[in-house]
Amino acid sequence: MVAQHLEDAVRTDLSTPPVGLTDIDRFVLNYKSLKYKTEWVEFADVQDVCKKLGVDPTATKPDGSPHYTLPMIYDPSTRRTVVDSHAIAKYLEESYPDTPRVFPPGTDALDAALGDFLWSAVR
């Protein structure tokens with residue numbers, strides 16, 4: 001697998017690597033020893049790139065228009081796109097079970113409860 005990993009490229013200091021949630025995706029891909037290629041996408045181009053790849057919007061804006069976000073991966077071996085760091089990690093865990101595990105077995109319920117709690121605290 002050589003996944004295509006897309007992330008925002010809005011930075012002012014190009015001498016340092018980007019830091020953010022997309023680092024989680026790279027960590028999981030590296031930890032699982034999966035080959036991938038990072039493609040930088042300018043913020044203004046995120047919607048066009050997602051539409052071109054057939055990715056569904058991740059949310060709806062207050063005016064009702066679709067909202068597209070990154071990070072996203074495209075897995076050419078399954079021809080699937082996956083958006084959101086947590087969903088990407090879960091997808092890689094399920095699709096590549098012979099690689100090191102990211103989530104301990106039997107923790108899906110705990111993972112879901114923690115996710116629900118964290119998102120309710122952020123909103």
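**Salt bridges and a helix pair**

Arg101 is partly exposed, at 42% relative accessible area (buried means under 20%, exposed over 50%, partly exposed in between, with a 1.4 Å probe and protein chains only). The model is predicted, so local features need pLDDT of at least 70 and side-chain atom pairs count only at pLDDT 80 or more, while totals for chains, interfaces and linings use all residues. Residues are numbered from 1 along each chain as its sequence is written, and side-chain values use heavy atoms, leaving out hydrogens and water.

Arg101 meets Glu93 in a salt bridge, 3.6 Å from N to O (a side-chain nitrogen of Lys or Arg within 4 Å of a carboxyl oxygen of Asp or Glu). Glu93 also pairs up with Lys32, with the closest N and O atoms 3.0 Å apart. That pair ties together distant parts of the chain, 61 residues apart: Glu93 sits in helix α3, Lys32 in the loop between α1 and β2 (35-41). Helices here are DSSP runs of H or I, at least four residues, and strands are runs of E, at least two, numbered from the N terminus. Glu93 is buried at 7%, and Lys32 is buried too, at 2%. Put together, Lys32, Glu93 and Arg101 are linked in a network of salt bridges.

The count comes to 3 salt bridges, one of them between Asp23 and Arg26, whose closest N and O atoms are 2.2 Å apart. Asp23 is partly exposed at 27%, whereas Arg26 is buried at 16%.
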